Amino acid sequence: MADHEIAADVTGTVWKIVRQAGEAVAEGEAIMILESMKMEIPIEAPAAGRLAELRVAEGDPVAEGDIVCVVTA
Amino acid sequence: MAADDDTAELRARELQDREARARAMGGAAKLARRREAGLLNAEERVERLVDPGSFVESGLLAVSSAPGADRESTPRDGKLTGFGRVDGRPVAVVSNDFTVKGASSSQTNMKKIGHVKRVATERGFPIVFFGESSGARMPDNMGARGMGTQLGNDPQQYVRERESPWASAVLGQCYGSSAWYTCLSDFAVMRKGATMAVASPLLASAAIGQTVEPEELGGWKLHSEVTGLIDRVAETDEEAIDLIRRFLSYLPAHRNEAPPRAEPPGVVGDEAAAAIRKTLPESRRQVYDMRKMVEAIVDPGSFFEMKPAFGRAAVTGLARMDGQTVGIVANNPRHKAGAMDVPACEKCTRFLVMCDSFNIPLLLFVDTPGFVIGVEGERMKAPGKIMNFMTALQMCTVPKLSVIMRKSYGQAYLNMGGGRNSDEVIAWPGAEISFMDPAYAVEVVTWGRDVDEAERERLRADMARDSTVWGLAEIFAAQAVIAPEDTRAHLIRMLEVHQTGLTGGIGRHRMAGWPTTY
């Protein structure tokens with residue numbers, strides 16, 4: 001079991017939370033969608049596992065490099 | 001020994017003895033430890049690279065020339081050099097033998113590298129470096145006499161004029177010359193577990209008191225994701241060497257010939273067209289992975305991506321179109337919506353310089369909302385990086401074909417070949433072209449004025465309508481608007497039109513002496 005801290009790769013805002021903390025996630029599945037430059041940019045699970053932690057809510061601003069969630073795989 | 005005993009037979013035996021000693025490298029124990037660790041030795045790496053039976057070694061009997069040095073302990077002086085063939089084409093090889101004094105650089109082995117470099121450059125074929133060395137040999141290089149004798153005696157040692165391609169594999173700890181040659185190369189692959197840095201963790205600890213693990217100082221993640229000094233990562237020595245073979249298959253032997261043509265794949269049919277339709281989202285707000293688009297357009301299985309984990313808002317790589325080598329420069333909406341940041345600019349610049357230097361036509365696939373803006377980019381000299389990229393594009397003399405697939409905004413429109421920055425601008429029907437996204441443009445033009453929401457929406461709709469591809473086609477700023485599924489066939493035809501027949505496919509190489517790191 002390893003924790004994957006997932007960082008935003010772009011500065012923007014959290015547009016939609018797709019998965020909630022505690023839920024199972026598949027590799028490549030969208031956990032949330034950021035909005036930046038009028039585009040919807042998904043944050044995806046790097047591996048199959050469980051969404052251990054959500055660190056942002058819809059509408060929150062995020063900067064590139066901010067950890068937005070943690071997946072335990 | 002009597003004079004009569006000095007026979008040809010004895011001389012032949014001495015030759016055999018010396019050859020055997022050289023081929024024993026650093027001894028059975030050290031070689032066995034490498035085998036146990038799953039590492040190839042210097043000879044095995046060469047064998048993996050070249051066509052069987054094609055290698056001729058240069059300097060097998062060379063040893064250290066340092067006063068008082070034990071000649072017996074420096075077989076080949078720690079670096080194996082010579083000439084072979086890869087897929088029937090000539091190549092020079094430098095393979096560091098870490099089992100001999102850590103393959104450290106000394107007077108004799110630097111002469112060996114200088115020789116094969118000079119031959120490859122003057123006769124016109126690639127050089128491959130297998131990096132694994134500890135840096136300058138100690139104590140040979142110590143003191144004023146050591147420095148004066150050993151270093152700096154070749155004024156061309158670190159000059160890259162890109163006469164022929166260079167490829168490097170980082171296959172162990174690389175400090176000193178192995179790191180330098182890697183950075184000077186057109187292609188660099190790194191095996192996981194290897195390290196490349198200016199100096200070792202030991203020296204970092206001794207000199208500045210910094211305690212750092214080799215992986216953190218110069219491991220594969222750092223160089224593939226952060227510095228971009230590495231083009232690809234491999235799990236094993238064998239995989240790394242195979243990647244070099246593949247890289248070389250796209251390149252000409254030297255800058256005065258066109259790249260080799262592979263067998264065309266024949267008809268690439270509906271499957272590729274369907275992949276394009278499936279990849280392109282309906283909504284202009286949704287992202288997709290440009291690499292899927294690239295793979296659907298080029299010859300099946302031919303896409304060889306460079307720096308996939310670095311500057312990911314851009315995609316660069318070699319590929320083939322109907323057997324012809326091409327260079328792909330593309331935006332990737334999957335990362336940062338395709339808005340290029342400083343690493344993406346550096347990646348594009350370096351790739352453009354390489355393609356232009358070796359007569360590789362360029363295909364630019366465009367889907368970008370512009371360059372990344374904001375504090376972080378400015379701190380990293382974004383304007384300068386954007387101009388490096390732009391200058392490189394304008395100085396290219398190889399054919400450049402640009403395909404606007406969706407968004408093309410602002411200065412990025414020019415950097416991605418818009419206007420006369422490519423030989424042909426081709427657009428898809430859904431393309432949108434403007435100085436900035438209408439949503440932001442409304443904010444700019446209404447700044448400081450009291451404008452109601454309805455008026456804003458009217459302005460936005462007008463701007464969006466004016467950004468469609470039809471305006472570009474009407475004023476001949478696009479030479480063709482085509483259905484996405486016709487892209488492959490159209491590009492193959494336009495590559496034929498733009499083949500540089502006047503020079504036999506050879507460009508002017510105006511950036512041949514540009515740096516190798518930006």
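In the predicted model, the side chains of Arg19(A) and Glu29(A) form a salt bridge with an N to O distance of 2.5 Å. Arg19(A) belongs to the loop between β2 (12-17) and β3 of chain A, and Glu29(A) to the loop between β3 and β4 (30-36) of chain A, so the pair ties together parts that are 10 residues apart in sequence. Over all chains, the count comes to 40 salt bridges. Side chains of opposite charge can pair when their charged atoms come close.

The strands of chain A include those of an open sheet of 4 strands in the order β5-β4-β2-β7, with antiparallel pairing. The edges of this sheet are taken by β5 (39-44) and β7 (61-62) of chain A; each has a single partner strand, so one side of each is left without a neighbour in the sheet. The pairing of β2(A) with β7(A) is antiparallel and runs over 2 bridges. Within it, Gly12(A) has Val62(A), in β7(A), as its bridge partner. The loop between β4 and β5 of chain A contains Met37(A), a residue other than glycine whose phi is positive, near 55 degrees.

An open sheet of 4 strands in chain A has the order β1-β8-β6-β3, again with antiparallel pairing. Its edge strands are β1 (3-7) and β3 (24-25) of chain A, each of which pairs on one side only. Strand β3(A) is joined by 2 bridges to β6 (residues 49-54) of chain A, and the two run antiparallel. Ala24(A) stands opposite Arg50(A), a residue of β6(A). Strands of a sheet pair through backbone hydrogen bonds, either parallel or antiparallel.

Chain B is divided into three parts: domain 1 (3-66 + 77-152 + 166-250), domain 2 (270-431 + 468-503) and domain 3 (437-467). The centres of domain 1 and domain 3 of chain B, taken over C-alpha atoms, are separated by 61 Å. Two local backbone features of chain B may be noted. The peptide bond from Met138(B) to Pro139(B) is cis, with omega near 5 degrees, and Pro139(B) lies in the loop between β4 (127-133) and α5 (143-150) of chain B. Ala337(B), which is not a glycine, has a positive phi of about 60 degrees; its place is in the loop between β11 (324-331) and α13 (342-357) of chain B.

The interface between the chains brings 16 residues of chain B into contact with 12 residues of chain A. The size of an interface is often given as the accessible area lost when the parts come together. Here chain B and chain A bury about 1400 Å² between them, 51% of it on carbon and sulfur atoms. Of the area that chain B buries against chain A, 48% is supplied by Arg285(B), Arg334(B) and Lys336(B), more than by any other three residues.

Between chain B and chain A, the count is 4 salt bridges. One of the salt bridges joins the side chains of Glu40(A) and Arg285(B), at 2.9 Å from N to O; Arg285(B) is also one of the three residues named above for their share of the buried area. The count of residue pairs in polar contact between the two chains, both at pLDDT 80 or more, is 8. On the side of chain B that touches chain A, β13 (400-409) and α17 (438-445) of chain B each supply at least two residues. The residues of this side divide into 6 nonpolar, 2 polar and 8 charged.

Conventions:
Residues numbered from 1 in each chain as written. Chains lettered and ligands numbered in written order. Predicted model: local features only at pLDDT ≥ 70, side-chain atom pairs only at ≥ 80, totals over all residues. Heavy atoms only, no water. Contact = heavy atoms within 4.5 Å. Buried area = accessible area lost by both parts, 1.4 Å probe. Polar contact = N/O pair within 3.5 Å; in protein donor to acceptor, adjacent residues only side chain to side chain. Nonpolar A, V, L, I, M, F, W, Y, C, P; charged D, E, K, R; others polar. Pairing = 2+ DSSP bridges. Domains from an automatic or database assignment.
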